[in-house]
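Please consult the sequence and the structure below.

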Amino acid sequence: MYGDATAGPVLLNPGPAGTSERVKNALLRGDLCHRETEFTELLNRLRLELPRALDFPRTYESVLVTGSGTAAMEMAVTGAVRSGRELLVLSNGVYGERLLAIARAHGITAHEVGPEGPQLHRWTTPIDPAWVERALEAHPRVDAVVCVHHETTTGLINPVREIGEVVARHRALFVVDAISSTGNEELNLADVGIDILCGTANKGLHGLPGLSFLLCGPAGLDRIAEAPARGFYNNAATHLAGQRRGDVPFTPAVQICYALDEALAEFAERGGRRARVALYRERAVLVRSGFARLGLEILVDPPHRANSVSTLRLPANVTYRRLHDELAQRGYLIYAGQGGLAAGHFRICTFGEIPWERLEALEFALDAALLAARD
Ligand SMILES: Cc1ncc(COP(=O)(O)O)c(C=O)c1O
């Protein structure tokens with residue numbers, strides 16, 4: 001298994017994810033003015049390579065965004081809804097809730113669809129396409145539907161292919177937050193009929209954080225041109241127009257673009273999307289067999305589990321802080337549960353560069369840390 005041996009702790013948080021030496025060294029390519037031809041070449045290469053790496057057809061165009069994944073979410077939501085029209089937000093976790101908050105912050109009328117009841121139930125139940133059908137019938141002014149593919153809150157995969165079929169039947173635009181699934185989860189997102197996809201350079205693509213992107217199909221590109229300008233900096237139409245000319249409207253994170261360039265080259269050299277997905281699948285099998293031997297329960301039911309994130313129940317008499325610190329001493333950084341899950345759960349994520357032998361050794365470290373963390 002690949003992975004540069006790193007002396008530091010293994011990051012088992014959902015991002016920033018670990019990167020290879022080659023990607024880190026890309027930062028040293030040097031200083032470059034973004035108004036020079038070299039930057040235009042880099043920009044053009046990244047814009048072409050992103051859809052290609054993810055197996056999308058040539059009809060898809062990228063918009064690079066200097067900013068974390070939330071910047072891409074905001075650009076997608078604000079660019080997807082025409083004046084006087086509405087948005088349907090499918091929500092079963094923190095990132096669905098964030099999409100709704102973004103819409104409301106921009107004065108876009110948004111309807112929310114998701115499971116009802118206590119938070120634990122809402123966050124562990126996938127979106128049912130039948131709910132989407134009913135909501136679209138009830139709200140004919142809906143212009144776009146937005147859904148999180150992999151809810152990183154819990155490690156739950158939503159059935160975006162089936163949801164996409166409903167959305168297409170209703171002739172609405174389909175926007176998907178695939179920030180924690182591009183490159184690493186089973187479904188080929190190119191088969192889903194997505195009009196605007198949000199992704200990030202980090203997580204499954206193994207670039208550095210701070211750069212995100214949209215992948216837009218023909219209907220998404222048309223819609224971006226039709227939507228009113230909402231906000232100034234984070235406007236998809238401005239960025240798209242500039243990038244089509246080989247230019248960016250504002251100072252970009254040049255060195256993070258270098259890093260993505262190397263990350264995409266590594267991605268292709270190692271066998272592309274299918275190989276990356278297989279790696280994440282193998283990682284999931286490895287770490288989860290260890291969790292089972294240690295008696296650690298995974299929150300999300302098997303059919304809906306992502307390869308990359310496991311939310312685990314904290315055993316009795318173990319607090320997250322103690323477990324975190326004990327594991328950190330053993331070279332692994334884990335992550336807390338979100339919202340109401342913070343008290344009783346923690347997350348182990350396998351994004352980015354992780355040497356295989358460090359993942360093999362995780363079970364032993366976890367066993368020792370659980371023992372030491374018990375009251
Ligand atoms: C599914 C999903 N959407 C959006 C985001 C937001 O990305 P960022 O924290 O990079 O702004 C994340 C981050 O983890 C995510 O997992």
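The shell around the ligand divides by class into 4 nonpolar, 6 polar and 3 charged residues (Ala, Val, Leu, Ile, Met, Phe, Trp, Tyr, Cys and Pro count as nonpolar, Asp, Glu, Lys and Arg as charged, and the others, Gly among them, as polar). The model is predicted, so local features need pLDDT of at least 70 and side-chain atom pairs pLDDT 80 or more, whereas totals for chains, interfaces and linings use all residues. Residues are numbered from 1 along each chain as its sequence is written, and side-chain values use heavy atoms, without hydrogens and water.

**Ligand shell**
- Of the 13 residues surrounding the ligand, the closest are Ser68, Gly69, Thr70, Thr152 and Asp177 (near: a heavy atom within 4 Å).
- Helix H3 contributes the most to this shell, with 3 residues (helices are DSSP runs of H or I, at least four residues, numbered from the N terminus).

- A ligand oxygen lies 2.5 Å from an N or O atom in the side chain of Thr152 (polar contact: a pair of N or O atoms within 3.5 Å).
- A ligand oxygen is 2.9 Å from a polar backbone atom of Gly69.
- For the side chain of Lys203, an N or O atom is 2.9 Å from an oxygen atom of the ligand.

**Burial**
- The ligand taken alone exposes 390 Å², of which the protein buries 84% (Shrake-Rupley method, 1.4 Å probe).

How values were computed. A polar contact is a pair of N or O atoms within 3.5 Å; within protein, one must be able to donate a hydrogen and the other to accept it, and residues adjacent in sequence count only if both atoms are side-chain atoms. Helices (H or I, at least four residues) and strands (E, at least two) are DSSP runs, numbered from the N terminus.
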